[in-house]
Amino acid sequence: MKAVRAIDKLTDTTSLEEQYQLATYKKMPVVAERGEGVWLYAGDGERYLDLYGGHAVCGTGHCHPHVVKAVREQTEKLLFYSNLVYSETRARAAERLVSVAPDLLSKAFFCNSGTEANENAMRMARFATGRENIITFAGGFHGRTADAISATFLGKYREIGKPNVPGHLKAEFGDIDSVAALADDSVAAIMLEPIQSMAGVKMAEPSFYRALRELCDERGIVLIYDEVQTGVGRTGDWFFAGSEASDGVVPDIVTLAKALGSGIPVGACLVTEAIASHIKENDLGTTFGGGMVAMAAVTATLEAIEGDRMLENVREVESYLRERLKEIEQVVNVHGRGFLLGLEFTDGAKTVHEGLLAQRIITGTSSDPKVLRLLPPLCLQRDQVDMMVDALRKMFA
Ligand SMILES: Cc1ncc(COP(=O)(O)O)c(C=O)c1O
């Protein structure tokens with residue numbers, strides 16, 4: 001047996017990860033040790049303001065006490081049993097999730113990640129229509145498993161995912177004519193990130209979502225919102241689906257993951273009765289989906305967002321942030337909604353990302369070299385916005 005070395009120094013963590021993990025992620029020079037709210041504490045004692053929320057996952061903030069308590073209590077009762085038995089924890093999570101969703105979305109399917117939620121959503125659309133093709137958009141990101149990566153017309157992802165699943169068609173985001181031209185009777189679904197995050201936080205006019213809904217209704221196509229990033233409160237609404245920004249449009253399926261379990265891996269599809277009516281026993285399934293620890297985390301996450309009035313906080317702090325950013329002349333535009341924001345700079349966002357990191361503030365880049373992404377926990381406060389603005393000012397001085 002190979003000897004396992006004790007980690008006794010900070011530098012060991014970096015070198016051990018590099019030695020034993022595949023070098024597939026570009027990492028920041030931070031060794032994460034613990035977190036609290038918007039703060040991430042590193043092994044060297046430094047504290048970071050986390051405006052990236054662990055990749056949009058830590059919506060309730062790091063280690064929200066209500067979520068931690070619920071998860072801890074569940075781990076002491078039952079770690080796991082599959083969907084072959086009923087569970088009150090699972091029943092409550094499904095009920096709670098459906099209760100915060102737009103009325104038409106009345107049933108949940110639980111899985112483990114965003115890509116898996118999208119795979120299942122596309123499969124359900126194919127069941128429901130008896131058709132195969134899927135329209136997605138240039139700039140959209142939907143995950144890295146075979147069907148989801150084939151639906152991802154962003155950068156090199158389809159290339160990485162070769163051979164691609166056939167039947168994926170590309171339309172232009174915000175351009176309804178480009179969608180209508182492809183939407184014939186071979187098309188099962190139109191799937192979109194309602195705000196394209198990785199592409200640089202791109203949003204369409206509300207009329208675009210309305211036009212998509214009408215097109216889908218007219219041609220018998222299933223509309224899927226990939227709300228893996230926009231869902232669970234990030235935009236200041238529970239979901240983009242049904243919101244004002246969506247012109248009230250509710251899709252037939254919403255996919256979720258990231259913030260849904262506050263860091264405990266969980267994904268979900270929310271579907272209408274009409275979609276549900278096409279799903280038969282054994283059509284979908286996954287061993288870990290709906291596991292008790294994840295389900296306890298889902299319920300507690302939704303309760304924490306509601307209990308701490310985080311949706312209201314997102315809307316209020318977003319307007320404050322937008323106001324304060326007007327003071328920074330290098331920020332030429334602020335894209336997005338709520339706490340999914342893209343700050344467009346006159347020059348490279350990567351330099352800004354690095355400059356902020358040097359001042360212990362974590363942000364995200366995007367595939368648009370001018371756009372810096374902010375995906376902070378939904379509990380971010382005004383004084384923390386001030387810290388970021390001061391750091392930007394200092395950097396540009
Ligand atoms: C919009 C969107 N969809 C799907 C995914 C894939 O989610 P996961 O990484 O959980 O598979 C992501 C991940 O970043 C995403 O941002």
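## Ligand surroundings

In this predicted model, a nitrogen atom of the ligand sits 2.8 Å from an N or O atom in the side chain of Asp226. A polar side-chain atom of Lys258 is 2.9 Å from an oxygen atom of the ligand, and a polar backbone atom of Thr115 is 2.9 Å from an oxygen atom of the ligand.

There are 13 residues around the ligand. Those that come nearest are Gly114, Thr115, Asp226, Gln229 and Lys258.

## Packing of α4 and α11

Two packed helices are described by the angle between their axes and the distance between the axes. For helix α4 (residues 88-100) and helix α11 (residues 292-307), the angle is about 35° and the axes are 8 Å apart. The crossing of α4 with α11 is left-handed. On the α4 side the contact is made by Thr89, Arg90, Arg92, Ala93, Arg96, Leu97 and Val100. On the α11 side, Met292, Met295, Ala296, Val298, Thr299, Leu302, Glu303 and Glu306 take part. Sorted by class, the contact of α4 with α11 holds eight nonpolar, two polar and five charged residues.

## Packing against α14

Helix α14 (residues 382-396) packs with α13 and with α12. The axes of α13 (residues 349-358) and α14 come within 10 Å and cross at roughly 110°. Angles of 65 to 115 degrees count as roughly perpendicular, so α13 and α14 are roughly perpendicular to each other. Their crossing is right-handed. From α13, Thr351, Val352, Gly355 and Leu356 meet Met388, Ala391, Leu392, Met395 and Phe396 of α14. The residues of this contact comprise seven nonpolar, two polar and no charged.

For α12 and α14, the packing angle is about 20° and the axes are 10 Å apart. Angles under 35 degrees count as roughly parallel, and α12 and α14 are therefore roughly parallel to each other. The crossing of α12 and α14 is right-handed. Glu316, Val317, Tyr320, Leu321, Arg324 and Leu325 of α12 make the contact with Arg382, Val385, Asp386, Met388, Val389, Asp390, Leu392 and Arg393 of α14. By class, the contact of α12 with α14 has eight nonpolar, no polar and six charged residues.

## Gln330

Gln330 belongs to the loop between α12 (310-325) and β13 (331-337). Apart from neighbours within four places in sequence, Gln330 is in contact with Glu344, Phe345, Thr346 and Phe396.

Gln330 and His168 are separated by 162 residues in sequence and by 39 Å in space, taken C-alpha to C-alpha.

## Backbone exceptions

Most residues other than glycine have a negative phi, and most peptide bonds are trans. Two sites in the model depart from these patterns. Ala56 has a phi near 70°, a positive value in a residue other than glycine. Ala56 is part of helix α2 (residues 53-56).

The peptide bond from Lys162 to Pro163 is cis, and its omega is near 0°. Pro163 is located in the loop between α7 (157-160) and β6 (168-171).

Notes:
Residues numbered from 1 in each chain as written. Predicted model: local features only at pLDDT ≥ 70, side-chain atom pairs only at ≥ 80, totals over all residues. Heavy atoms only, no water. Axes fitted to C-alpha atoms, helices over the stretch in contact; angles between N-to-C directions. Helix = DSSP H or I, 4+ residues; strand = E, 2+ residues; numbered from the N terminus. Parallel < 35°, antiparallel > 145°, perpendicular 65-115°, else oblique. Left-handed = near helix turned anticlockwise from the far one by under 90°. Contact = heavy atoms within 4.5 Å. Nonpolar A, V, L, I, M, F, W, Y, C, P; charged D, E, K, R; others polar. Near = heavy atom within 4 Å. Polar contact = N/O pair within 3.5 Å; in protein donor to acceptor, adjacent residues only side chain to side chain.
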